[in-house]
Amino acid sequence: MIDVKRMVMLRDLAEHGKVSVVAELHGVTPSAVSQQMRALEREAGASLVLRHGRGVRLTVAGSALAAQCEEVLAALERAEGAVRALDDDLTGELRIGCAPSALRSVAAPLVAALAEHHPRIRPRIVQSDPEFAVPLLKQHALDLTVSYRYHLLGAEVPAGTTACALFDDPLMLAVPDQLLDAVRKDGLGVLRELAWISVPPPSTCRDILLHACRNAGFTPKIEHDCEDLRSALAIVATGLAVTILPRLLCDEPPAGTALLPLPGKGRTVEALVRAGAEQQPAIAAALELLREIGAKAAAGFPEQAAVGFAEEPPAGFAQEPLSR
């Protein structure tokens, strides 16, 4: 019988290619990972892993076994859900990852909704960007996570997870009031000489900003790196900088700031769970509430209308796919 925990290590080796990374993920030593892989090879009756430079690569048999891992794990999640569904009492800790930009509009309402509808569930919110939250989810350190994917980046739902779309979050261009008419008339190119604000790299939001500006024929001068783009709007209000940020962060723009939508450059905010785990009662209850919260968030965008384009987007707002 093949040990499931060893299969998970093999899957992680396939994804990361380094024993040291897998050891860190599982909280063991690299030698322990190697020992587990040798034991797995004995169970499978085949060579699974080969040394390759400073890393490792999987044999054909290793790749075949790793490919089955997500299906096995999903079946186990469904089995656990079937057992838990027999108990009508929803209780226990629910560990919820959340991207920083969704804490106010998604995580906070979820905590309140769980307290109202399922008071015996104890939510624990963990702020985490998608690239960090997904590994935590797959390692069972989180039960679900509120994440996002940018349309132009072409990112797919991570392997081994199931996505529940909550709402579309458009991107906005934030400029000082005095530049509003010029941008509406001539497009993004009029901002080529201004200072730009973005999230420090690596960042998908920064990638989208660079893409939008390069489509308009220039490379932006990113002079300010700010983790909190909502607060960065205060710099825009000084009249000395501009930025691009999700609509979700534009609920309280300071005086002196104008907002313009960027057509075709939004993102999808979604809830991610391990494949099969969506059938576990506490997770299913949280997903149901998140759908309601997402519908309210989407409906709230028109009521908080930013300045938009009356008809066609102006020059410089091209919508070509982002090449990676």
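This is a predicted model: local features need pLDDT of at least 70, side-chain atom pairs count only at pLDDT 80 or more; totals for chains, interfaces and linings use all residues.
## Ground rules

Local features here need pLDDT of at least 70, side-chain atom pairs count only at pLDDT 80 or more, and totals for chains, interfaces and linings use all residues. Residues are numbered from 1 along each chain as its sequence is written, and side-chain values use heavy atoms, with hydrogens and water left out.

## The cores

A nonpolar core is a set of buried Ala, Val, Leu, Ile, Met, Phe, Trp, Tyr and Cys residues joined through side-chain atoms within 4.5 Å. Buried means under 20% relative accessible area (1.4 Å probe, protein chains only). In soluble globular proteins, nonpolar side chains tend to be buried together.

The largest nonpolar core here has 40 residues, and L173, V175, L188, L191, W196, L229 and I244 touch the most other members. Elements that give it two or more residues include β6 (161-176), α10 (229-236) and β10 (257-274); helices (H or I, at least four residues) and strands (E, at least two) are DSSP runs, numbered from the N terminus. There's also a second, separate core of 30 residues, with L90, C164, V273 and A277 among them.

Let's look at C98, which sits in strand β3 (residues 92-98). C98 counts as buried because its relative accessibility is 1%. Skipping residues up to four places away in sequence, its contacts (heavy atoms within 4.5 Å) include L103, A107, I125 and V146.

S198 lies in strand β7. Its relative accessible area is 1%, so S198 is buried too. Leaving out residues up to four places away in sequence, S198 touches R206, L209, I222, H224, D225, C226 and L229.

Notes: Buried means under 20% relative accessible area, exposed over 50%, partly exposed in between (1.4 Å probe, protein chains only).
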